[in-house]
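User: I'm new to reading protein models and would like to go through one step by step. Could you show me how to read its features?

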Amino acid sequence: MIEVIEPGMYATIQDFGRLGYLKKGLTRGGPIDENAFLWGNYLLKNEPGAAQIEIVLGGSKFKFSTAAAVAVCGADVSLKLDDEERSIWETFQVEAGQVLSIGPARSGLRAYLAVAGGIQVKPQWGSCATVKREQLGGHRGDGSALQKGDTLAIESSTCELTQRIPWRYRPDYSKPPVLGLIPGFQYDQFAMAEREKLSFHEYKISQQSDRMGIRLEGPAIEYAGKGLVSEGINIGSVQVPPNGQPIIMMNDRQTLGGYPKLGNISPLDLSRLAQCRPGQTVQFTRVEVAKVQQQLKNYYDFFGITPACQTDH
Amino acid sequence: MKPSIVNAGADAVIVYFADVISIEANQRVLQLDSAIASSDLAILETVPAYSSLMVYYDITRHSDTDIRASIKAIIESLPELQQVNAEQGQTHVIPVYYDETVGPDLARIAELHGCSAEEVIERHCRDSYRVYALGFAPGFAYMGEVAEDLQAPRLDSPRTRIPAGSVAIAERQTAIYPLASPGGWNIIGRTTFPLYEPQKGILNQLNSGDTVRFKAISKDEFIAAGGSVEAFE
């Protein structure tokens with residue numbers, strides 16, 4: 001078991017997300033830095049979608065009553081196992097009785113605590129991903145975040161050999177990311193001068209960002225096209241509400257919406273976006289869908305994800 | 001409008017049948033949805049809405065170009081709507097307790113149309129409604145069309161909390177709030193009809209294309225069915 005001594009600002013259980021229920025209005029949920037999440041499971045030889053704890057900004061403490069191999073990936077947090085320092089992006093052993101403290105993030109926003117075998121939480125509609133707005137998922141099954149005193153079931157395991165992510169694969173979250181936009185949805189209905197604003201200006205991450213959507217601040221983009229009838233929204237869809245300030249929809253997005261959209265950010269760039277703090281800037285560049293699909297196939301291959309296994313849940 | 005297929009991300013396309021709300025477009029959406037489901041395409045999931053169908057597919061099996069061509073061919077092979085059974089879905093009767101305590105906008109709508117609150121209730125129960133789309137939130141069904149003598153614009157300022165089960169009207173649409181949430185629709189009553197109870201594993205008995213009728217019940221019947229008359233804040 002893991003006991004939550006301090007949850008920190010906001011810590012939730014996330015697995016790969018709830019797939020196959022968009023039609024019924026259930027969103028996907030899941031790790032919004034999917035890349036860091038997948039590395040954690042990869043290091044521990046878990047199933048790619050095994051449940052982890054998503055920790056916003058750090059400041060969490062967990063007491064283990066079961067020995068376990070663990071890894072923390074994502075935001076640059078300091079780690080202490082009792083009084084000894086540990087490193088992120090690599091596996092280490094936690095003995096029964098030890099306390100793992102996750103310090104405040106120096107760069108990035110979200111750290112993922114992965115445990116060998118995954119955190120054991122009862123799935124609802126195929127997933128234990130916590131979605132606050134839907135009052136769904138998490139270890140209480142009601143969408144609530146982890147609280148002091150919560151206990152989470154894990155399997156006992158041993159870290160035989162330290163596994164590390166090579167430096168070249170570790171993202172530098174302090175750099176402004178360049179987000180690839182695949183033009184789509186109403187792209188053609190925006191005037192050329194309006195849709196090109198994204199390519200020529202930097203946008204700043206707004207304070208009002210969460211797991212539903214990351215709001216940007218910058219030159220307003222005007223939409224003069226026809227009003228929309230509500231339609232599906234993808235993860236990464238770039239919505240333009242009437243105030244012209246774009247919102248990039250993330251894992252907990254509502255499933256339908258009526259704002260015009262410029263297209264979608266490449267799934268491979270969303271992980272970097274998920275680690276941006278309010279005030280950080282982002283840039284956009286146009287990308288071809290064929291190129292993104294090729295990159296995505298390589299990514300699926302590497303992490304052992306098969307879209308069929310996504311629907312198997 | 002000719003159907004158009006547009007990119008909707010690295011793993012999805014969206015098919016538009018119209019850019020307005022129409023029963024015909026909505027029927028085409030559901031027709032294509034079932035044709036795609038019975039095709040041999042590697043589809044992950046679909047999102048039918050009022051007049052569009054979003055299709056998520058397996059990118060390891062189809063490229064963006066391939067999937068567009070395949071969906072285009074399916075659309076071209078769809079039979080004319082006249083040949084399709086117009087009643088695509090099931091019919092549901094939803095019991096509603098209509099009262100000022102649980103439906104604070106009954107009077108507003110009555111005033112708007114120069115009628116009594118009783119007449120507002122009669123009108124809401126008079127017509128049957130089509131489920132055009134599910135979404136926004138789990139269990140939320142967009143139903144229409146609300147007759148002209150019952151339509152009402154959204155509130156100028158949304159309420160911060162609308163109790164679960166609230167039955168609502170906005171313009172030409174009617175819906176039920178599955179969970180307590182903020183909202184700007186006109187609230188006219190409350191139901192115990194289960195739409196979304198995650199703890200019990202209940203998720204939406206309504207499907208796109210279904211038909212819904214509302215039936216007025218008394219306070220006693222509502223309470224006997226487990227209803228709560230919790231007032232608005």
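Predicted model: local features only at pLDDT ≥ 70, side-chain atom pairs only at ≥ 80, totals over all residues.

User: How many helices and strands does the secondary structure of chain B come to?

Analyst: Helices (H or I, at least four residues) and strands (E, at least two) are DSSP runs, numbered from the N terminus. Chain B has 5 helices and 15 strands. Its C-alpha atoms fill a box of roughly 55 × 40 × 30 Å along the principal axes.

User: What percentage of the residues in chain B is buried?

Analyst: Buried means under 20% relative accessible area, exposed over 50%, and partly exposed in between (1.4 Å probe, protein chains only). In chain B, 54% of the 233 residues are buried.

User: Into which domains is chain B divided?

Analyst: Domain bounds come from an automatic or database domain assignment. For chain B that gives domain 1 (4-83) and domain 2 (91-224). The centres of these two domains of chain B, taken over C-alpha atoms, are 30 Å apart. Where they are in contact (heavy atoms within 4.5 Å), domain 1 of chain B gives 9 residues and domain 2 of chain B gives 10.

User: How much area do domain 1 of chain B and domain 2 of chain B bury between them?

Analyst: Buried area is the accessible area (1.4 Å probe) that two parts lose on being put together, summed over both. Here it's about 780 Å², 54% of it on carbon and sulfur atoms. B:Ile21, B:Asn26 and B:Tyr50 supply 57% of the area that domain 1 of chain B buries against domain 2 of chain B, more than any other three residues.

User: And the chains: how many salt bridges does the rule find across the interface of chain A and chain B?

Analyst: A salt bridge is a side-chain nitrogen of Lys or Arg within 4 Å of a carboxyl oxygen of Asp or Glu. The rule finds 2 between chain A and chain B. The side chains of B:Asp33 and A:Lys23 meet in a salt bridge at 2.9 Å, N to O. The contact takes 44 residues from chain A and 50 from chain B, and the two chains bury about 3600 Å² between them.

User: Now a single residue. Is B:Ala49 buried or exposed?

Analyst: B:Ala49 counts as buried because its relative accessible area is 0%. You'll find B:Ala49 in the loop between β3 (43-48) and β4 (52-57) of chain B. Leaving aside neighbours within four places in sequence, B:Ala49 is in contact with residues including A:Ser230, A:Leu256, B:Asn26 and B:Tyr132.

User: With which side chain does the side chain of A:Glu90 make a polar contact?

Analyst: A polar contact is a pair of N or O atoms within 3.5 Å; within protein, one must be able to donate a hydrogen and the other to accept it, and residues adjacent in sequence count only if both atoms are side-chain atoms. The partner of A:Glu90 is the side chain of A:Arg164, at 2.6 Å. A:Glu90 is in the loop between β7 (84-86) and β8 (91-94) of chain A, and A:Glu90 is classed as buried because its relative accessible area is 13%.

Conventions
Residues numbered from 1 in each chain as written. Chains lettered and ligands numbered in written order. Heavy atoms only, no water.
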